[in-house]
Amino acid sequence: MTEMNENPLDLLPEVLLAASAVLGLLLGSWLPRARQWAVGLLAAVACVAGIVAASVAATEPATTAFGEAFAVDTVTGASRIVVLGGTLLGLGVSFRPLRGDPRESEFYVLVQLAALGALMMAGTQDLLLFAAAYLLASIPAYTLAGFRKDGPGTEAALKFYVVGALLGVLLLAGVTVLYAAGRATLYPMLSDALRDAPEPLVAVGAIGLLAGVLFKAGGVPAHFWVPDAVQGSSAPVAALLTTLPKIGALAALFRIGDAVFAGGPLPWAALVAVLAAASMTLGNLGAFFQRDVKRLLAYSTISQVGYLLLPVTVVDRSDLAQQAFLYYLAAYTVTNLGAFAVVCALPRAHTVDDYRGLAKDRPLLAASLVVCLLGLVGTPPTAVFLGKLQAFSAVFDGGYAWLAVLAAVNTVASLFYYLRWIVPAVSRDASPGPAEGNRTARVVAYAVTVVSVGLGLAGGPVLDALAGPMSP
């Protein structure tokens, strides 16, 4: 245990987001309905300021804050930038549909609180703080899922909440069991204590912890909520639900694997490898014959969890794991939000057939869709291609060649259902329907497409920046 460091500036991005959420809640209570957009603008400013603060902090040596409970290192810095950037894009696709809504300010506040929970999960080094961050990321998300208060939204929120409550209890039970086994909650102290603890007790605690983390990430076997919640939610909410919680949860799992279970008696790498294989395979199988675009992307995001778990599997076995994980996390976030931005731009197009003839009427939007969907496959020169290449290299280097081969097979198989959406979009048979849509979402889609390709072309410098050490 080091000397207690309670400097709030170490958590400046988190403080900015929390302050913006509280101030936005107060402003929303007083502003007239026509001016509640100011709360969204405040949230966007907080995200930009947080990205700047996180970028500055990333240039400093790795350290810890609040008695080692929170780490300020490369993993935290990259997660901060990705979460805040994803939040900014999510606010962008939400801005126009929410204009004039009586609960517009509440939406922006809920998004910020969910993002704050993801930030805290990514940086925490204490089980109790992790549990608190988990709840902070979960409760606003339940509300966002049913924000429209219609039938599908209510069903989505109910299913999301029921599964989340069950697996949240399992996570808290796992935290309790691990505390009982190790007599500590700080990751560095817990790691040493668990080496001498009874293996069955450690296994039970780890499984409970994994259940909660996989729920937030949307991975197998805690994935049942994803298709229904994504389909029933509005498109902007679906974009956020499939991105922000996943970043925080997987970053937390990466840190837990490295700081707590690496080198311990539990076969952690084998367990995560099985979960990765199951997620990528079952996610692809579920997506094969989906016609609803949001449901297709929901199953796609389940499969993407499997690929993201590849470097988590070999966190203590390969020096490439950290770079591969953080780069892939950023690449997935940008590309997934780009695909959802296209969906948000055409709110009346619900199935893949509704996109028929998109290239004829809106060629730039069709190009963005094609780039993002092929990017999710892992087609060069998009960012996901380099992310997958790094992830495959990491698992090969870590001694899990069979997992890399399975991931490659799944990557090829995923091309089938993405093409089922791309082919109608680039055909010239018919027009895709009314021209009106979400103009802001179209701008976001164009911007994200450029970022996805640019990140893929500039992969070398980015990977170098992600090679910094984790906190001691």
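Reply: Buried is used here for a relative accessible area under 20%, exposed for over 50%, and partly exposed for values in between (1.4 Å probe, protein chains only). The model is predicted, so local features need pLDDT of at least 70 and side-chain atom pairs count only at pLDDT 80 or more, while totals for chains, interfaces and linings use all residues. Residues are numbered from 1 along each chain as its sequence is written, and side-chain values use heavy atoms, with hydrogens and water left out.

Cys372 is buried, with a relative accessible area of 0%, and Cys344 is buried as well, at 5%. A disulfide is counted where two cysteine sulfur atoms lie within 2.5 Å; the structure holds zero disulfides. For Cys344, the closest cysteine sulfur is that of Cys372, 12 Å away, which is too far for a bond. Cys372 likewise is in no disulfide, its nearest cysteine sulfur being that of Cys344.

As to the interior, a nonpolar core is a set of buried Ala, Val, Leu, Ile, Met, Phe, Trp, Tyr and Cys residues joined through side-chain atoms within 4.5 Å. The largest such core has 166 residues, of which Phe261, Leu309, Tyr355 and Trp421 touch the most other members. Helix 14 (residues 321-345) supplies the largest share of this core, 19 residues; helices are DSSP runs of H or I, at least four residues, numbered from the N terminus. Beyond its neighbours within four places in sequence, Phe261 is in contact (heavy atoms within 4.5 Å) with residues including Leu178, Leu194, Val202 and Trp268.

How values were computed:
Helices (H or I, at least four residues) and strands (E, at least two) are DSSP runs, numbered from the N terminus.
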